[in-house]
Amino acid sequence: MSDESVGVTYRIEDLAHHSGATVRTIRAYQDRGLLPRPERRGRANVYADAHLARLRQIADLLDRGYTLASIKELLEAWDAGRGLGGILGLVAEVDGPWTDEEAARISRAELDERFGGSPDDAAVADAVELGVLETIPGDEDFFLVPSPQELAVAAELHAAGVPLSAISGHLRELRGQVEHIASRFLEFTTEHVFARYLGEHPPTDADAAEAASLVRRLRPLAQQTVDAELARAMRLFATRYLHQHLGAGQAVEHRNETHTVEIPVDTMRAVEGLVGVEHVSAFVAAAAEREVQARTLNRLASNQGNRSKVDETT
């Protein structure tokens, strides 16, 4: 590398060192039109700061999830004077945090204490796999907790008697369902809101800035909608389950109650001869229950038949 009146220049090896890309990658970018060709000076190819800046732009866009084909189109827009500011602002808005919750650190000792005091390596490994905990390189005694609220819920469930394996299984199931909801919400908003910004070519700076503003406005709506619907569903099903269990208990109590019924002697003797003395009560109860069910079925069928006749005459 040398300093000349035209500015800083680089050999390809120097450019690779400063950009973090390999020589082979730099040449591949040139072949694909992502990177301008170097200037030829004598027998050497010379690169400038513009090449270094372009390599850093490419690396940043790759980190954001763009493909090389998309990056080429964006860079062509940049070269045509349309700018990347709006696009990168939109990307930053989408890539930004979608919650106000802040990550925390927790020691292994504190983690064990919150979950009963006994170390459970399998449960910890499961939590790391699920992303509830994240390891910290070089520090085996601490974990990063991306969502302290989620960890607190797990601790409360465990304290209430739910096994850790059941909590992990429930989270896996819940995560799949929530990811489906998120996917549907994105499809819905894309179809009705963002489709106009997603043409064959990158949006202009103004369109990208407008889309970023819409992302900021719509971002909390998904969570607010899910919160409201979850509260409604929890109340509905909790009330239903409570009534079912209370009703079942009352039904058992009623079935255990007995009533004295007068049955003719001849009928009793006939039943005894049919099923035996020890089965008389069960037989009479079953026969009565069957008769009630038969009459219920007859009434339902009769009602349906009457409705059909009314429909035919109208």
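1. In this predicted model, the charged end of R105 sits over the ring of F142, 4.8 Å from the ring centre. The term "over a ring" is used here when NZ of Lys or CZ of Arg is within 6 Å of the ring centre and within 35 degrees of the ring normal. R219 also makes a contact of this kind, lying over the face of W98 at 4.9 Å from the ring centre.

2. A word on the ground rules, since you will want them: local features need pLDDT of at least 70 and side-chain atom pairs count only at pLDDT 80 or more, while totals for chains, interfaces and linings use all residues. Residues are numbered from 1 along each chain as its sequence is written, and side-chain values use heavy atoms, with hydrogens and water left out.

3. Next, the aromatic rings. A search of the whole structure finds one aromatic pair (rings of Phe, Tyr and Trp, the last by its six-membered ring, with centres within 6.5 Å; planes under 30 degrees apart are stacked, over 60 edge-to-face, the rest tilted). The ring centres of F237 and Y241 are 6.3 Å apart and the planes stand at 45°, so this pair is tilted. F237 and Y241 are four residues apart in helix α10 (residues 205–256), which means about one helical turn separates them. Helices here are DSSP runs of H or I with at least four residues, numbered from the N terminus.

4. How accessible are F237 and Y241? F237 is partly exposed at 37% relative accessible area, and Y241 is likewise partly exposed, at 47%. The classes are buried under 20%, exposed over 50% and partly exposed in between, with a 1.4 Å probe and protein chains only.

5. On to charges: the whole structure holds 10 salt bridges, each a side-chain nitrogen of Lys or Arg within 4 Å of a carboxyl oxygen of Asp or Glu. One of them joins R37 and D31, with the closest N and O atoms 3.2 Å apart. R37 is exposed at 53%, and D31 is exposed at 58%.

6. R108 deserves a look of its own. R108 bridges to D112 with closest N and O atoms 3.0 Å apart; the two are four residues apart in helix α6 (residues 108–114), about one helical turn. R108 also meets D121 in a salt bridge, 2.8 Å from N to O. That pair links distant parts of the chain, 13 residues apart, with D121 in helix α7 (residues 121–130) and R108 in helix α6. Through shared partners, R108, D112 and D121 form one network. Within it, D112 is buried at 13%, whereas D121 is exposed at 56%.
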